[in-house]
Amino acid sequence: MDGNEKVKTDITAIWKRYKATKSQELRNVLAEYYLPLIKIVGGRLAVSLPPHLDRDDLMSSGFFGLLDAIDRFDITRNIKFETYAGVRIRGAMIDYLRSKDWIPVTMRQKIRKYEQTVYDLETELGRTATDKEVAEALNISQEELKVLVGQCNAATIIPLEEYLKTDTPEAIDANPAETTEFLELKDTLARAIDRLPEKERIVVSLYYYEELTLKEISLILHLSEARISQLHTKAIFRMRGYLARMKSGLM
């Protein structure tokens with residue numbers, strides 16, 4: 001038995017003992033073992049955070065998400081704890097960010113105007129709106145639009161949470177009805193991604209499905225990290241408009 005197999009065996013044994021005894025000491029052992037998950041999830045969320053937000057508080061909220069995942073995890077189900085915990089940790093961090101109401105009112109107004117303009121244009125045109133068309137509709141220059149998109153970047157830290165759940169089926173405590181709803185939502189999300197311009201579609205796929213960082217994507221596409229961030233922001237607002245239309249059409 002090599003080292004990795006031994007560690008896996010040991011952690012499986014600890015899980016079984018913890019679920020049987022609910023020992024605080026064993027829970028702490030599990031929490032320490034899976035602690036790196038918090039850094040991984042937090043690192044991805046922190047990319048767009050403004051400087052005034054405390055990263056330590058964000059990580060602390062993730063720790064409570066990890067403890068919640070340990071308490072709730074069902075070891076009899078054939079799923080990886082890392083997948084399940086990732087969802088819980090991310091959810092706890094997002095709850096923390098929402099509680100801070102960290103986007104200024106003026107920025108929220110700009111975001112709403114930009115998102116509504118893209119929504120209206122693409123509804124009218126029946127296709128993806130160009131930067132030139134969006135800038136003209138906002139009555140600003142393309143350079144000013146570029147600055148605006150950069151400012152909007154922080155708002156995409158919780159990009160699609162308001163519209164649908166993006167958890168994996170194995171990661172949610174679902175009954176058959178919820179699983180069916182989940183699959184329908186995933187199909188809607190896939191259609192929204194398919195409608196994106198090619199570069200935006202690639203960025204979204206690499207970021208959300210391959211779980212690469214913006215820096216890693218910039219190296220793959222041979223573009224600056226700032227450009228990748230801009231493409232990500234534009235894609236998210238485009239998708240939110242499409243998903244909002246789909247949601248309103250179902251109501």
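## Starting from Arg-238

Leaving aside neighbours within four places in sequence, Arg-238 is in contact (heavy atoms within 4.5 Å) with Val-118, Glu-122, Thr-128, Ala-129, Leu-196, Pro-197 and Glu-200. Before going further, a word on what you are looking at: this is a predicted model, where local features need pLDDT of at least 70 and side-chain atom pairs count only at pLDDT 80 or more, while totals for chains, interfaces and linings use all residues. Residues are numbered from 1 along each chain as its sequence is written, and side-chain values use heavy atoms, with hydrogens and water left out.

Back to Arg-238, then. With a relative accessible area of 9%, Arg-238 is buried (under 20% relative accessible area is buried, over 50% is exposed, and in between is partly exposed, using a 1.4 Å probe and protein chains only). A polar atom of the Arg-238 side chain lies 3.2 Å from the backbone oxygen of Ala-129. The Arg-238 side chain also meets that of Glu-200 in a salt bridge, 2.8 Å from N to O (a salt bridge being a side-chain nitrogen of Lys or Arg within 4 Å of a carboxyl oxygen of Asp or Glu). Arg-238 sits in helix α12 (residues 225–250) and Glu-200 in helix α10 (residues 198–209), so this pair ties together parts that are 38 residues apart in sequence. Helices here are DSSP runs (H or I, at least four residues; strands are E, at least two), numbered from the N terminus. Glu-200 is buried too, with a relative accessible area of 3%.

How many salt bridges are there in the whole structure? A search finds 7. Another of them joins Arg-88 to Asp-68, with the closest N and O atoms 3.8 Å apart. That pair links distant parts of the chain, 20 residues apart: Arg-88 is in helix α5 (residues 81–100) and Asp-68 in helix α4 (residues 55–72). Arg-88 counts as partly exposed at 22% relative accessibility, and Asp-68 counts as partly exposed at 27%. Elsewhere, Glu-133 forms a salt bridge with Arg-127, their closest N and O atoms 2.7 Å apart. Here Glu-133 is partly exposed at 23% relative accessibility, and Arg-127 is partly exposed at 38%.

Now follow α5 itself. Its 20 residues should span 28 Å at 1.5 Å a residue, and its end C-alpha atoms are 29 Å apart, which agrees (the expected span is 1.5 Å times one less than the number of residues). Buried residues in α5 include Phe-81, Tyr-84, Ala-85, Ile-89 and Leu-97. In general, nonpolar side chains tend to be buried together in soluble globular proteins.

Of its 27 residues, Trp-15, Leu-30, Tyr-34, Leu-66, Ile-70, Phe-81 and Ile-89 touch the most other members. At least two residues come from each of α1 (3–21), α2 (24–33), α3 (36–45), α4 and α5. Which helix supplies the largest share of this core? It is α5, with 7 residues. Not counting residues up to four places away in sequence, Phe-81 touches Trp-15, Tyr-34, Leu-37, Leu-66, Ala-69, Ile-70 and Phe-73. A second, separate core has 14 residues, among them Tyr-114, Val-134, Ala-135 and Leu-148.

Methods. A polar contact is a pair of N or O atoms within 3.5 Å; within protein, one must be able to donate a hydrogen and the other to accept it, and residues adjacent in sequence count only if both atoms are side-chain atoms. A nonpolar core is a set of buried Ala, Val, Leu, Ile, Met, Phe, Trp, Tyr and Cys residues joined through side-chain atoms within 4.5 Å.
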